[in-house]
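Welcome! Please take a moment to look at the sequence and the 3D view, and then read on for a guided tour.

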Amino acid sequence: MITKFSYGTPVETFAVVKDFPSAGHEQLRHFSRKKGTVQYFTCMLGEEDIVYGLGETMRGVNKRGGRYISFNYDDPHHKDDMPSMYGAHNFLIVDGEEPFGAFFDTPSKVVFDIDSKGSGVLSVACETQDLRLYIIEGETPYGIVKQFLGIIGRSFLPPLWAFGYGQSRWGYKTERDISRVAAKHEEAGIPLDYICMDIDYMDRYIDFTVNKRRFPNMTGFSAKLKGKGLHLVPIVDAGIKIEPGNPVYSEGVEKEYFCKNHEGTFFKAEVWPGMTHFPDFFQEKVRRWFGDQYKFYTDSGLEGFWNDMNEPAIFSTEYRAKDTKPDVERGDVDQPERHIADFKDFFHRLDDGREKSNYEVHNLYGALMTRASGEGLGRLLDRRYLLFSRSSYIGAHRYGGIWTGDNASTWEMLRQNVYHMPSLNMCGFLYSGADTGGFGGNCDRELLLRWLAVSVFTPLMRNHTAIFTRNQECYRFRKVEDFRTVVSLRYRLLPYLYSEFMKAALRQDMLIRPLAFDYPGDEKARHIHDQLMVGESVMIAPVLEKGVKGRVVYLPEPMTEVRWSSEGFTCIEVGAGERTVMAPLHQVVFYIRKGKLVPVGKQVSNTSELDLMDVELLGTGTEYEQYADDGYTKDCGLNRCVLRRKA
Ligand code: MIG
């Protein structure tokens with residue numbers, strides 16, 4: 001049961017696609033509301049309640065005990081107490097005696113205090129009078145999430161190649177750099193589907209340009225790679241360089257498509273290209289115009305993109321020098337204060353005619369960039385596109401995926417990747433993943449192997465790292481055959497992983513879940529967050545600790561333990577309960593639920609060689625409903641081919 005409450009005149013966020021009549025305010029039962037300068041909602045948690053959700057936030061799967069601020073922000077220091085990440089996913093689920101979900105649908109800042117003081121109080125402070133609140137009641141947290149996913153619309157459907165392995169590094173500059181990455185993977189026998197091009201492919205970091213010296217013939221180059229089954233994925237930043245002669249700049253100025261400041265002139269922000277203007281993605285016509293710019297790339301045969309810097313990230317402005325210190329006097333020290341003034345100084349024209357400062361509608365900016373590019377690519381391409389963005393708001397999941405930004409090469413960040421996946425799934429972001437191996441810092445062999453063994457199971461599986469960090473491609477490390485083994489598992493599992501992703505997307509369900517969602521009533525499973533369910537058949541229990549050879553795994557029911565190594569799959573049946581499992585670096589262990597099957601395909605060097613239907617079956621089930629299609633046709637409904645197989 002879903003009840004909608006409306007307060008003030010809410011901004012259209014496009015998160016919810018279903019229309020509901022608003023209920024009377026007196027019907028709000030789960031929270032008590034206080035109206036002041038903020039809308040303040042509170043409730044009491046039961047001693048044993050778990051709070052799920054909040055998508056891209058730190059601290060783990062159970063959000064209880066922390067304070068989280070929905071205010072999209074570019075901060076690479078992903079510590080446990082970091083209040084804001086790049087996305088705003090304001091949906092939480094209280095798993096108590098009477099479980100319920102709550103979605104605070106507003107693009108303004110929202111502060112969630114989930115019992116941070118240990119007094120049992122959950123409070124939500126929305127910094128606006130205008131919002132919609134959806135309360136969802138149901139029997140179980142999983143049931144509540146499914147209701148929520150039902151009203152926010154279907155996930156974006158990437159092409160099959162987007163489920164392959166991707167290699168990226170900030171620092172690849174030339175056609176030669178990229179060719180070398182392709183050749184080295186081939187040489188090492190490591191499957192690969194795409195290579196990302198970071199900002200250095202551009203002419204002086206200007207969007208919708210290519211540096212001609214570095215890439216003399218992008219069309220020819222992308223065709224050559226495609227011949228080998230490889231895709232190029234360029235980055236696109238939010239800001240448009242101020243430069244006469246940059247046609248996107250000139251047209252944007254002429255048509256007044258850029259955001260203006262309080263003086264009514266175009267707002268200037270320094271980002272990678274120098275001073276830029278920000279497109280006002282809040283306007284339909286601007287979104288259309290921006291989306292159409294991707295033609296520059298699609299004309300060269302490119303079909304995959306990552307959108308960056310769209311919180312938006314700002315280095316400096318006309319009024320604020322780069323090194324301004326946080327404005328502590330304002331009181332709120334854990335806020336990105338030095339940028340607050342920037343965000344208050346540029347404005348958006350909403351489709352309903354109102355004008356709002358970026359600060360007031362901040363959390364929608366990146367999501368609307370994603371929408372603009374997703375819709376543009378939808379018009380430009382006759383096939384599915386790959387798109388993932390750094391900033392997001394619920395609703396953007398219908399147009400693209402997300403990655404979790406600038407993590408680091410640490411074991412803590414690997415664990416955080418595991419915790420993020422189910423929370424992101426609860427908020428609709430099925431196509432997601434972290435920078436495998438870590439963005440900041442230097443990754444070592446052990447961490448990369450363990451991290452790859454986790455990423456095998458996340459829809460976005462991309463190795464990415466920052467400039468000035470140690471090279472992190474698999475072939476840079478000793479005993480490259482171990483990396484080949486781990487990455488190859490991804491490809492052997494693709495018939496299952498792709499099928500499960502598409503089923504989850506088309507049915508508006510989760511792909512990656514906490515154990516508690518599949519084993520309600522199992523008290524032990526309820527508190528395990530370093531193991532995950534992936535699709536209907538698989539449970540993973542990855543090794544997340546340095547220097548260990550295995551771990552303790554909890555099995556809520558008897559399962560098939562599958563050990564993958566260079567020799568292939570070995571399966572044994574194991575009983576329910578706790579079990580110590582050895583998992584050396586060159587092997588990956590995962591579990592298949594009792595009575596379930598996993599189809600595994602043949603070894604390939606990329607998805608262009610993959611036959612989704614040429615599979616053998618692992619596990620103890622008798623039937624598996626496999627989803628398979630050509631991997632690129634847009635209207636999957638029509639190309640859908642559901643098979644039932646007898647073991
Ligand atoms: O200020 O384009 O999160 O993935 O490599 C840094 C360079 C800008 C941030 C992205 C990261 C990317 C980097 N970008």
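Predicted model: local features only at pLDDT ≥ 70, side-chain atom pairs only at ≥ 80, totals over all residues.

Residues are numbered from 1 along each chain as its sequence is written, and side-chain values use heavy atoms, with hydrogens and water left out.

**The whole chain**

- The protein chain holds 14 helices and 40 strands; helices (H or I, at least four residues) and strands (E, at least two) are DSSP runs, numbered from the N terminus.
- The C-alpha trace spans about 70 × 65 × 50 Å along its principal axes.
- Of the 647 residues, 65% count as buried; buried means under 20% relative accessible area, exposed over 50%, and partly exposed in between (1.4 Å probe, protein chains only).
- The accessible surface comes to about 23000 Å², with 49% of it belonging to carbon and sulfur atoms. Accessible areas come from the Shrake-Rupley method with a 1.4 Å probe, and for residues only the protein chains shown count as cover.
- Among contacts with a separation of 6 or more, 72% are between residues 24 or more positions apart; contact means heavy atoms within 4.5 Å.

**A sheet with a helix packed on it**

- Five strands make an open antiparallel sheet in the order 1-11-8-7-4. Two strands pair if DSSP finds at least two bridges between them.
- Strand 1 (2-7) and strand 4 (50-53) are the edge strands, each pairing on one side only.
- Neighbouring strands of this sheet are turned by 20° against each other on average, direction ignored. Axes are lines fitted to C-alpha atoms, for helices over the stretch in contact, and angles run from 0 to 180 degrees between N-to-C directions.
- Strand 4 pairs with strand 7 (residues 91-95) in the antiparallel sense over four bridges, and Ile50 stands opposite Asp95 in strand 7.
- Helix 1 (residues 141-152) packs on the sheet, where it touches strand 1, strand 4, strand 7, strand 8 (100-105) and strand 11 (131-137). The direction of helix 1 makes about 160° with that of strand 7.

- Val51 and Ser179 lie 128 residues apart in sequence and 47 Å apart in space, C-alpha to C-alpha.

- Another open sheet has five strands in the order 2-3-10-9-5, and the pairing is antiparallel.
- Strand 2 and strand 5 (66-70) are the edge strands here, each pairing on one side only.
- Neighbouring strands of this sheet are turned by 15° against each other on average, direction ignored.
- Strand 2 (residues 32-35) and strand 3 (residues 39-44) pair over four bridges, and a hairpin of three residues joins them.
- Gln39 in strand 3 stands opposite Lys35, and the bridge partner of Gln39 in strand 10 is Cys126.
- Six bridges link strand 3 with strand 10 (residues 121-126), while five bridges join strand 9 (residues 110-114) to strand 10.
- Ser123 lies in strand 10 and stands opposite Asp113. Ser123 counts as buried because its relative accessibility is 8%.

**Two helices side by side**

- Two packed helices are described by the angle between their axes and the distance between the axes.
- The axes of helix 9 (residues 411-426) and helix 10 (residues 445-455) come within 11 Å and cross at roughly 0°.- That angle makes helix 9 roughly parallel to helix 10; angles under 35 degrees count as roughly parallel, over 145 as roughly antiparallel, 65 to 115 as roughly perpendicular and the rest as oblique.
- Trp411, Met413, Leu414, Asn417 and Val418 in helix 9 meet Glu446, Leu447, Arg450, Trp451, Val454 and Ser455 in helix 10.
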